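Biologist: I am new to this structure, so please take me on a close look at its charged side chains and how they pair up.

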Amino acid sequence: MRFVDEAVITVEAGDGGNGVASFRREKFVPFGGPDGGDGGRGGSIYIQADDDTSTLVDYRYTRKFRAERGKNGAGANCTGRGGEDVVLKVPVGTTIVDTDSGDIIGDLVEDGQRILVAGGGDGGLGNTHFKSSTNRAPRKCTTGIKGEFREIRLELKVLADVGLLGMPNAGKSTFIRAVSAAKPKVADYPFTTMVPNLGVVDADRHRSFVMADIPGLIEGAAEGAGLGIRFLKHLARTRILLHIIDVQPIDGSDPAHNAKAIMNELAKFSPTLAKLPIVLVLNKLDQIAEESREEWCQHILDELEWTGPVFKTSGLLSEGTKEVVYYLMDQIEQQREREVEDPEYAAEVKAFREQLEVETREQTIAAKEAYRAMRRAQRLEGMLGDDDDFDDDEDDDNDVEIIYVRD
C-alpha cells in the first residue's frame with residue numbers, strides 16, 4: 001500500500017502575448033498613425049484550499065501544470081485576450097514550499113484561502129506606446145514577458161485540536177469512536193489504522209473540537225520503524241496530545257516501557273513537538289479486575305514518574321471518556337481566549353508553531369533521504385529482488401497516499 005501526503009509538482013504560468021506594430025489605414029485618413037495593441041497577460045496559477053478535497057492523490061500522476069499564454073495584440077489598438085488562470089485545489093492544511101529555496105510560499109489553513117504560486121507574464125507593448133513628437137511612425141513593439149516557472153512541494157498535515165498518540169492497539173480508534181461520530185477501523189491486530197481519521201467531538205451545545213487519530217507508533221518510529229515518521233508530522237498542528245496507554249497490552253509488554261518509548265520517539269523526531277501539552281489516558285480498564293485497577297494504574301504512573309493530568313477510561317464501554325472530553329474542551333478554550341487577550345502569549349505560540357513546522361519538515365526530509373540511501377545500498381548488495389521496480393527518485397515525495405476521513 002502506497003500513501004501520498006506530499007507531492008512535488010511544477011507550475012508554469014502563461015507567457016504574455018506580444019505587442020504588435022500596426023498603422024491605421026483608412027480611406028480619407030492619410031496620416032492614421034500607429035495603432036498597434038498590447039499583448040494579453042499570461043494566465044497565473046493559484047493553489048486554493050478546498051474543504052471538499054481530502055487527498056493529494058491527484059498530484060501523484062499529474063505533476064506538471066501550465067497556464068494559458070496571453071494572446072497577441074492586434075491593430076486598431078486591440079489588446080490581446082489574457083490567458084485563463086489555473087486554480088489547483090488542495091485539502092485544508094496544505095503547506096506550499098519552494099523546492100529550490102526551501103522557503104514556505106504559503107500555508108492554507110482555511111477553506112477558500114488562495115495563494116498565487118506562479119504569476120503570468122505581462123503582455124508586450126504595441127507601437128502605440130512609442131509614438132512621440134519626433135517619432136510619429138514607430139515600428140517598435142515588444143514581446144510578452146515569460147511567465148513564472150516553479151517547482152513546489154505540497155505538504156499535507158491534518159488540522160486538529162487534539163492528536164491521539166500511542167502504541168498500535170492501544171485503543172486510539174476505539175476512543176475516537178466513543179467520543180465522536182468518526183468510524184475508523186477497529187480490529188485485534190497491530191496497525192489497524194493505516195490513515196489518519198478526523199472526528200468532531202461535541203462537549204456541549206456550541207462547544208466542540210477536532211480530534212485526530214493517527215496510526216500507532218512503535219519504538220524506532222523516528223528512524224522509520226513501523227509506519228515511522230510518515231504520520232508523526234501530523235501532530236505538529238495540534239494543541240494537545242492525548243497519549244493513550246493500554247494498561248494490559250495483549251503482547252504482555254510493560255505499559256510503562258511502551259509509554260516511555262513513545263515519549264522518546266517524540267523527542268527524537270522533534271524536541272519542540274515533545275513540549276506540547278500531554279494528557280495521559282490509561283485505557284482498557286475493563287480488562288483488569290476492578291479490585292486491582294487502582295493499584296495497577298498507580299504502578300504505571302509511578303514507573304513513568306508522571307505528574308501531569310491523567311484519566312482512566314475504557315473506550316470500549318465509553319467509561320470515563322466524557323471527563324476527558326470536558327477537560328480537553330476547557331483547555332482548548334482557555335488557550336484560544338488567552339491568545340486573543342494576550343498579544344505576547346499569541347506571539348510566543350506563533351513562534352512555537354513556526355519552530356515546530358521547521359523541525360518536522362527537516363526531520364521528514366532527512367528521514368526520507370536516509371530511507372532512499374538504504375534502498376540504494378540494498379539494491380547494490382542484491383538484497384532487493386529483480387521484480388522490485390522501486391524508483392528512488394520517484395519515491396522522493398510520493399511514498400504515502402493518505403485518504404483523510406472526516407466524520
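**Charged side chains, up close**

Modeller: Glutamate 303 has its place in helix 4, residues 293-304 (helices are DSSP runs of H or I with at least four residues, strands are E runs of at least two, both numbered from the N terminus). This is a predicted model, where local features need pLDDT of at least 70, side-chain atom pairs count only at pLDDT 80 or more, and totals for chains, interfaces and linings use all residues. Residues are numbered from 1 along each chain as its sequence is written, and side-chain values use heavy atoms, without hydrogens and water.

With a relative accessible area of 37%, glutamate 303 is partly exposed (buried is under 20%, exposed over 50%, partly exposed in between, with a 1.4 Å probe and protein chains only).

Helix 4 also holds glutamate 294, which pairs with lysine 312 in strand 14 (residues 310-312), so parts 18 residues apart in sequence are tied together. Glutamate 294 is exposed at 53%, whereas lysine 312 is partly exposed at 31%. Elsewhere, salt bridges with shared partners join Asp161, Arg239, Arg336 and Glu339 into one network.

Arginine 239 is buried at 16%, while glutamate 339 is partly exposed at 24%. The whole structure has 18 salt bridges.

Note on methods
A salt bridge is a side-chain nitrogen of Lys or Arg within 4 Å of a carboxyl oxygen of Asp or Glu.
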